[in-house]
Amino acid sequence: FTPSYSDVERAQRIVHAFEAARAAGLDRVELDGMLVEVPRYSAAKRLIERARALTEFEAHGRPPSAN
């Protein structure tokens, strides 16, 4: 399933907020009323990577690893 633009945008916000919190020495952050901890951060990173791979596949007609 291809993630929607809004799904990817939300995932990017989650990753950015969590990484900023980590840089400040925190292990979680609240974003839009939800608690972001490692599992949610990891899921957001996977979603972004999947979207990136699918975009590259659609652009080049092959998986990103098939150079």
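Helices (H or I, at least four residues) and strands (E, at least two) are DSSP runs, numbered from the N terminus.

**Ground rules**

I note that this is a predicted model: local features need pLDDT of at least 70, side-chain atom pairs count only at pLDDT 80 or more, and totals for chains, interfaces and linings use all residues. Residues are numbered from 1 along each chain as its sequence is written, and side-chain values use heavy atoms, with hydrogens and water left out.

**Entry 1: Tyr41**

Is Tyr41 buried or exposed? I looked it up: Tyr41 counts as buried, because its relative accessibility is 15%. Buried means under 20% relative accessible area, exposed over 50%, and partly exposed in between (1.4 Å probe, protein chains only).

Next I listed its contacts (heavy atoms within 4.5 Å). Leaving aside neighbours within four places in sequence, Tyr41 is in contact with Ile14, Val15, Phe18, Glu19 and Val36. I then checked Phe18. Tyr41 and Phe18 are 23 residues apart in sequence, yet 6.8 Å apart in space, C-alpha to C-alpha.

I moved to helix α1, where Val15 is placed. Val15 counts as buried, because its relative accessibility is 11%. Not counting residues up to four places away in sequence, Val15 touches Tyr41, Ala44, Lys45 and Ile48.

I found Arg10 partly exposed, because its relative accessible area is 46%. The C-alpha atoms of Arg10 and Ala44 are separated by 8.2 Å, and the two are 34 residues apart along the chain.

**Entry 2: the helix pair**

Two packed helices are described by the angle between their axes and the distance between the axes. How do α1 and α2 pack? I read an angle of about 135°, with the axes 9 Å apart. Axes are lines fitted to C-alpha atoms, for helices over the stretch in contact, and angles run from 0 to 180 degrees between N-to-C directions.

The two helices are therefore oblique to each other. Angles under 35 degrees count as roughly parallel, over 145 as roughly antiparallel, 65 to 115 as roughly perpendicular and the rest as oblique.

I checked who meets whom. From α1 the residues include Val8, Ile14, Val15 and Phe18; from α2 they include Tyr41, Ala44, Ile48 and Ala51.

**Entry 3: Ala51**

Ala51 is found in helix α2, residues 38–60. I found Ala51 buried, because its relative accessible area is 13%. Beyond its neighbours within four places in sequence, Ala51 is in contact with Pro3 and Val8. The C-alpha atoms of Ala51 and Thr2 are separated by 6.7 Å, although the residues are 49 apart along the chain.

**Entry 4: the core and a loop**

I looked for the largest nonpolar core and found 16 residues; Ile14, Leu31 and Val36 have the most contacts inside it. Such a core is a set of buried Ala, Val, Leu, Ile, Met, Phe, Trp, Tyr and Cys residues joined through side-chain atoms within 4.5 Å. Helix α1 (5–23), strands β1 (29–31) and β2 (34–36), and helix α2 each supply at least two residues. The most come from α1, with seven.

Last, I visited the loop between β1 and β2, where Asp32 is found. Asp32 counts as exposed, because its relative accessibility is 60%. Its phi is near 55°, a positive value in a residue other than glycine.
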